[in-house]
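The following note concerns side-chain contacts, taken up point by point. Please read it alongside the sequence and the coordinates.

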Amino acid sequence: MNSLGEKISEERKRKGYTQEDLAEFSKINIRTIQRIEKDINEPRGDTLNRICSILEIDINELTSLNKKQENISFFESILNFAFYLILNLILITIIGYLTLDSNASYNSRIGAILLSFFIPIFIVFLTNFMSKTERILKFGLGYFLYIILLLTIQGIEEGFIIGFNSGLLFCSTIAVSTLYFGNSIFNPKNKTALQ
């Protein structure tokens with residue numbers, strides 16, 4: 001399904017207009033036209049009326065398209081939230097099992113350390129378009145919550161000792177650091193990540 005901006009862009013191109021032409025005819029800033037077509041801005045009121053008038057589009061068609069997009073966006077938001085929640089639970093369960101389990105051996109702790117690097121670096125590779133903060137909030141929040149849960153259940157002092165001795169704190173630090181600084185591995189030109 002096309003977005004509002006895509007629909008306007010399609011109609012503009014069908015008429016043979018450039019973005020500059022549409023801006024000139026509708027008396028709307030060229031920058032605004034560009035932002036509307038990229039779905040950064042949503043045209044409303046007078047701006048929408050002018051664009052529809054110039055492109056000879058039924059305004060009701062565009063507003064109904066916009067409402068459908070809002071419904072899909074809400075549904076997508078719920079699915080995204082569920083996905084990130086489940087993924088965070090899986091990640092912390094794996095690391096927790098490999099470190100906190102009473103039968104955890106030296107090998108399983110080494111495996112937890114390796115997974116604490118390789119899973120987040122894979123996530124960074126797939127989400128290179130995300131900002132560091134967004135990636136931490138979506139994929140690293142589980143680590144923080146797991147540490148807080150451990151400290152709450154065991155008490156701060158006892159929880160810290162358990163987390164340190166088991167390697168959970170170390171693994172969580174590696175994972176969160178990789179999520180935050182991982183872009184610098186794939187984009188060496190982006191040296192601001194290390195500064």
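**Salt bridges and aromatic pairs**

1. Arginine 12 counts as buried, at 7% relative accessibility. The model under review is a predicted one. The side chain of arginine 12 meets that of glutamate 37 in a salt bridge, with 2.6 Å from N to O. This pair links distant parts of the chain, since arginine 12 lies in helix H1 and glutamate 37 in helix H3 (residues 30-37), 25 residues apart. Glutamate 37 is likewise buried, with a relative accessible area of 11%.

2. Within helix H1 (residues 4-15), arginine 14 and glutamate 11 are three residues apart, about one turn of the helix. Their side chains form a salt bridge at 3.1 Å, N to O. Arginine 14 is exposed at 60% relative accessibility, whereas glutamate 11 is buried at 10%. Lys7, Glu11 and Arg14 are linked in a network of salt bridges.

3. Helix H4 (residues 45-55) holds arginine 50 and aspartate 46, four residues apart. These side chains meet in a salt bridge of 2.7 Å, N to O. Arginine 50 is partly exposed, at 32%, and aspartate 46 is partly exposed, at 47%. The count of salt bridges comes to six.

4. The count of aromatic pairs comes to six. The ring centres of phenylalanine 117 and phenylalanine 118 are 5.2 Å apart and the planes stand at 75°, so this pair is edge-to-face. Tyrosine 180 and phenylalanine 181 also form an edge-to-face pair, with 4.9 Å between centres and 85° between planes. Tyrosine 180 is partly exposed at 32%, as is phenylalanine 181 at 35%.

5. One aromatic cluster is formed by Phe83, Tyr84 and Phe139.

How values were computed. Residues are numbered from 1 along each chain as its sequence is written. This is a predicted model: local features need pLDDT of at least 70, side-chain atom pairs count only at pLDDT 80 or more; totals for chains, interfaces and linings use all residues. Side-chain values use heavy atoms; hydrogens and water are left out. Rings of Phe, Tyr and Trp (its six-membered ring) pair if their centres lie within 6.5 Å; planes under 30 degrees apart count as stacked, over 60 as edge-to-face and the rest as tilted. Buried means under 20% relative accessible area, exposed over 50%, partly exposed in between (1.4 Å probe, protein chains only). A salt bridge is a side-chain nitrogen of Lys or Arg within 4 Å of a carboxyl oxygen of Asp or Glu. Helices (H or I, at least four residues) and strands (E, at least two) are DSSP runs, numbered from the N terminus.
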